[in-house]
Amino acid sequence: MGPLVAIGDPADPRVDDYRNLTDAELRQRIEPAASLFMVEGPATIRQLLVSSYPVRSLLLTEHRLAELRPELVAADGDWPVYVAATEVLRAITGFRFHRGALAAARRPPAAAWREVATGPLLVVAEGIGDHENMGALFRNAAAFGVDAILLSPSAVDPLYRRAVRVSMGHVLRVPWARLDPWPAALDDLRAGGHRLLALTPAPEGRFLHDVRRPTEPIALLVGAEGPGLSSDALARADERVRIPMASGVDSLNVATAAAVALHALTRLQ
């Protein structure tokens with residue numbers, strides 16, 4: 001474990017990484033530029049400590065320090081562990097922060113999609129604009145053994161604090177990259193051997209229980225809530241599939257729909 005540093009003054013420049021956390025527009029601008037991202041909560045910090053992402057520092061209350069001490073000792077890092085009272089932590093972050101545990105981590109250079117799109121089960125997500133949906137998608141992908149997630153350039157940042165938290169840290173485990181150029185790179189993905197299955201509520205899609213598991217690797221395409229997959233993405237799919245739903249329900253939350261589809265695809269023979 002690195003050095004313990006008591007923070008009594010919220011203006012201390014050593015904790016500048018943790019300021020203005022509620023200003024989403026500001027954080028989404030400065031974090032990538034600083035090769036930085038934030039991790040919130042003890043459970044997610046535990047995932048960070050065993051991941052490949054380098055830690056910059058931690059900011060903890062005394063209570064959370066005691067709770068996380070075994071993992072911090074095991075991690076054997078040389079990064080500082082800042083310790084502050086709850087009211088000081090709230091003044092630093094700008095909101096009533098109840099979890100009492102934050103970490104700043106180093107954002108690695110963006111991976112090339114061909115480097116991560118090598119496994120037999122991929123998810124390709126187009127235009128996801130909600131960080132909670134993004135986090136839930138990664139959590140579900142981890143649960144069903146997805147090898148990597150490929151994101152359209154317009155999708156939100158998976159390493160934004162809320163997405164990391166909702167994913168329960170699984171965004172730190174599931175490899176991901178931007179699929180660019182979009183949507184033309186879908187053709188390259190197919191040419192590389194993946195069968196593209198587009199998840200859609202449209203009636204022309206085949207019900208998942210009628211689909212036989214392809215022998216080739218699968219890439220499941222999912223779109224944002226509301227617009228769904230674009231016509232360009234749908235046109236590049238090998239097959240369109242859908243989830244049976246009760247009359248009057250047009251679609252599911254994207255992360256939920258992906259989970260249902262992944263469960264079906266991983267059980268198909």
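## Positive phi and cis peptides

Met168 is found in the loop between α7 (161–166) and β8; helices (H or I, at least four residues) and strands (E, at least two) are DSSP runs numbered from the N terminus. Although not a glycine, Met168 has a positive phi of about 55°. At 33% relative accessibility Met168 counts as partly exposed, a class that lies between buried (under 20% relative accessible area) and exposed (over 50%), with a 1.4 Å probe and protein chains only. Ser35, in the loop between α1 (24–33) and β2 (36–40), also has a positive phi, of about 50°. Most residues other than glycine have a negative phi, and most peptide bonds are trans.

The loop between β8 and α8 (185–191) holds Pro181 and Pro183. The bond joining Asp180 and Pro181 is cis, with omega about 5°, and the bond from Trp182 to Pro183 is cis with omega near 0°.

## Basis of the values

This is a predicted model, in which local features need pLDDT of at least 70 and side-chain atom pairs count only at pLDDT 80 or more, while totals for chains, interfaces and linings use all residues. Residues are numbered from 1 along each chain as its sequence is written, and side-chain values use heavy atoms, with hydrogens and water left out.

## The sheet

An open sheet of 7 strands has the order β8-β7-β6-β11-β9-β12-β10, with parallel pairing; two strands pair if DSSP finds at least two bridges between them.

## Helix α3

Helix α3 (residues 62–75) has 14 residues and reaches 19 Å from first C-alpha to last, close to the expected 20 Å, which is 1.5 Å times one less than the number of residues. A kink of about 60° lies at Leu68, shortly before Pro70; the bend is the angle between axes fitted to the seven residues ending there and the seven starting there. The buried residues of α3 are Arg64, Leu65, Leu68 and Leu72.

## Nonpolar cores

A nonpolar core is a set of buried Ala, Val, Leu, Ile, Met, Phe, Trp, Tyr and Cys residues joined through side-chain atoms within 4.5 Å. The largest has 54 residues, and Ile45, Leu58, Leu60 and Ile149 have the most contacts inside it. Helix α10 gives the largest share of this core, 7 residues. A second, separate core of 20 residues includes Leu186, Leu196, Ala219 and Ala237.
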